[in-house]
Amino acid sequence: MPEVRNIVVLTGAGISAESGLATFRAEDGLWEGHRVEEVATPAGFAADPGLVHAFYDARRARLGEVVPNAAHEALARLDATWPGELLIVTQNVDDLHERAGAKRLVHMHGKLLRGWCLACDGRFGWAAPMGEEAVCPACDAAGAVRPDIVWFGEMPYEMERIETALRSCDLFVSIGTSGAVYPAAGYVQTAKYCGARTVEINLAPSLGSVMFDEVRIGRAGVEVPRLVGELLAPL
Ligand code: BV8
């Protein structure tokens with residue numbers, strides 16, 4: 001591995017697959033009968049808030065049944081040890097990176113364990129089922145709380161911070177994502193344009209594999225600890 005100082009890691013649903021959380025676009029799919037693009041949109045929520053709340057309530061409840069896997073733990077080890085800059089940008093809305101100990105972390109698509117009140121614009125932790133009549137802890141409005149999740153057509157979180165990190169990184173690692181969703185799927189191009197070495201770890205070639213300098217096909221639980229071992233060995 002050539003000289004590395006600043007690292008950006010992008011993760012997708014594939015890093016949580018070995019913990020038992022469903023991915024989005026596998027044949028069995030995350031939400032039988034619905035493409036995620038249908039239920040994860042403001043229009044889908046307006047059309048059928050009950051369906052969308054059920055989708056997110058089920059996924060929030062599932063978090064209590066799963067634990068981080070070796071890939072999350074390896075990234076947390078890297079985070080704790082790496083002397084240069086590091087930013088883990090996750091598309092995932094689960095809390096497995098945090099539970100493994102990651103600190104330099106951004107959830108660009110929001111978090112299952114947070115709610116957003118459309119009456120007062122407040123955002124807050126939310127671990128229980130939400131449903132259509134949830135009461136906002138900040139303003140007491142009932143029925144105006146939605147999941148604090150970035151849906152299609154909505155602005156992802158911390159775009160500036162992510163772009164800044166991409167422009168100054170010399171290693172960009174993409175783990176467990178199909179490269180189907182933007183702007184995340186375009187990050188490899190930004191990093192490459194700014195001179196970074198780009199590495200992909202995925203169970204199968206993604207839509208963006210051709211853009212990577214190196215593609216490591218395999219399970220995140222095996223390949224991420226291996227890559228982290230290579231990065232930490234010279235320290
Ligand atoms: C935006 C909600 C403007 C959270 C998600 C028309 C109007 C507006 C926008 C658009 C438009 N047309 C296109 C767009 C852009 C749109 C988009 O990209 N659409 C796609 C369908 C073409 N994007 C947006 O709307 C975004 N916002 O553009 O705003 C803007 C633009 C630029 C700058 C600022 C603002 C918002 C996107 C966020 C949408 N929200 N979900 C949730 O419910 O979880 S997206 C959804 O897909 C999830 O968030 C998920 O994270 C994301 C990506 O999926 P992956 O994580 O990659 O999961 P997937 O199942 O696809 O793949 C898993 C991979 O893992 C597979 O390759 C598999 O092989 C691998 N794998 C499996 N097991 C393992 C493994 N790998 C390793 N080890 C294993 N064990």
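**Ground rules**

I number residues from 1 along each chain as its sequence is written, and my side-chain values use heavy atoms, with hydrogens and water left out. Because the model is predicted, I take local features only at pLDDT of at least 70 and side-chain atom pairs only at pLDDT 80 or more, while totals for chains, interfaces and linings use all residues.

**Ligand**

Next I checked polar contacts (pairs of N or O atoms within 3.5 Å). Gly 153 has a backbone N or O atom 2.7 Å from a ligand oxygen, and Gln 91 has one 3.2 Å from a ligand oxygen. For Glu 154, a polar backbone atom is 2.8 Å from a nitrogen atom of the ligand. The ligand taken alone exposes 1500 Å², of which the protein buries 75%; accessible areas come from the Shrake-Rupley method with a 1.4 Å probe.

**Cavities**

Rolling a probe the size of a water molecule over the atoms shows where empty space is left. I used a 1 Å grid over the protein atoms alone, where a cavity is a set of points at which a 1.4 Å probe fits but cannot get out, and lining residues have an atom within 4 Å of a point. Grid points are joined across faces, edges and corners, and a volume is the space filled by probe spheres set on the points.

The structure holds two cavities of 30 Å³ or more. Of its 16 lining residues, Ser 174, Thr 177, Gly 179, Ala 184 and Ala 185 are the closest to the centre. I sorted this lining into eight nonpolar, seven polar and one charged.

The second largest cavity has a volume of about 40 Å³. Its lining has 10 nonpolar residues and no polar or charged ones; among them are Ile 7, Leu 75, Val 173 and Leu 231. Strand E1 (7–11), helix H4 (70–81), strand E7 (171–175) and helix H8 (220–232) each give two or more residues, and H8 has the largest share, with four. Helices (H or I, at least four residues) and strands (E, at least two) are DSSP runs, numbered from the N terminus.

**Second largest pocket**

A pocket is an open set with protein on both sides within 12 Å along at least five of seven lines. I put the volume of the second largest pocket at about 150 Å³. Strand E3 (105–107) and strand E4 (110–117) each give two or more residues to its lining. The lining divides into three nonpolar, two polar and six charged, and includes Glu 98, Lys 111, Arg 114 and Asp 148.

**Salt bridge and backbone**

I counted 18 salt bridges (a side-chain nitrogen of Lys or Arg within 4 Å of a carboxyl oxygen of Asp or Glu). In one, Asp 170 pairs with Arg 5, the closest N and O atoms being 2.8 Å apart. Asp 170 is in the loop between helix H6 (159–168) and E7 and Arg 5 is in the segment before E1, so the pair ties together parts 165 residues apart in sequence.

Most residues other than glycine have a negative phi, and most peptide bonds are trans. I noted a cis peptide bond between Tyr 182 and Pro 183, with omega about 0 degrees. Pro 183 is in the loop between E7 and helix H7 (187–193). Asp 140 is not a glycine but has a positive phi of about 70 degrees.

Notes
Ala, Val, Leu, Ile, Met, Phe, Trp, Tyr, Cys and Pro count as nonpolar, Asp, Glu, Lys and Arg as charged, and the others, Gly among them, as polar. A polar contact is a pair of N or O atoms within 3.5 Å; within protein, one must be able to donate a hydrogen and the other to accept it, and residues adjacent in sequence count only if both atoms are side-chain atoms.
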